[in-house]
Amino acid sequence: MNEEKNTFVKLFRKITQWEWYTDVNTFKLFIHCLISANRLPGNWRGTTINPGEFITSMESLSEATGLSIQEIRTSLKKLKSTNEIETINKQSTNNQQQTRI
């Protein structure tokens, strides 16, 4: 098995007290972002991707989570409003964005 795929994310039980815990869509998207984030530094099309960052798009998030584009947009807005995630670099030509969690 690929070493990168053979890793895990530790969640503390205290996450049940997090403000987005009961918001199913936002929680699902946040967990997806956690497991999608780079563990090691890397590069993608000339862009450095640091640990805790990943490249994504609304379409790929929707496909991976089963949420609609509108649900993704709403959940991202919530997570950004509380500084859980941030968009670092948005490339409008291919709808990709670099996201930090």
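Hi everyone, let's start with the second largest pocket: its lining residues divide into six nonpolar, four polar and no charged. Here Ala, Val, Leu, Ile, Met, Phe, Trp, Tyr, Cys and Pro count as nonpolar, Asp, Glu, Lys and Arg as charged, and the others, Gly among them, as polar.

Before I go on, this is a predicted model, where local features need pLDDT of at least 70 and side-chain atom pairs count only at pLDDT 80 or more, while totals for chains, interfaces and linings use all residues. Residues are numbered from 1 along each chain as its sequence is written, and side-chain values use heavy atoms, leaving out hydrogens and water.

Back to the pocket. A pocket here is an open set of points on a 1 Å grid over the protein atoms alone, where a 1.4 Å probe fits, with protein on both sides within 12 Å along at least five of seven lines; lining residues have an atom within 4 Å of a point. The volume is about 160 Å³, taken as the space filled by probe spheres set on the points, which are joined across faces, edges and corners. Among the lining residues are Ser36, Asn38, Trp44 and Phe54. Strands E1 (42-44) and E3 (53-56) each give two or more residues to this lining, and E1 gives the most, with three. Strands (E, at least two residues) and helices (H or I, at least four) are DSSP runs, numbered from the N terminus.

Next, the aromatics. Which residues form the aromatic cluster? They are Trp18, Tyr21, Phe27 and Phe30. The structure holds three aromatic pairs. Rings of Phe, Tyr and Trp (its six-membered ring) pair if their centres lie within 6.5 Å; planes under 30 degrees apart count as stacked, over 60 as edge-to-face and the rest as tilted. Tyrosine 21 and phenylalanine 27 are edge-to-face, at 5.2 Å centre to centre and 75° between the planes.

Now to serine 57, in the loop between E3 and helix H2 (58-65). Is serine 57 buried or exposed? Serine 57 counts as buried because its relative accessibility is 5%; the cut-offs are under 20% for buried, over 50% for exposed and partly exposed in between, with a 1.4 Å probe and protein chains only. Leaving aside neighbours within four places in sequence, serine 57 is in contact (heavy atoms within 4.5 Å) with Asn95 and Gln96.

Last one: isoleucine 101, in the segment after strand E5 (96-100), is partly exposed at 27%. Isoleucine 101 and alanine 37 are 64 residues apart in sequence, yet 7.3 Å apart in space, C-alpha to C-alpha.
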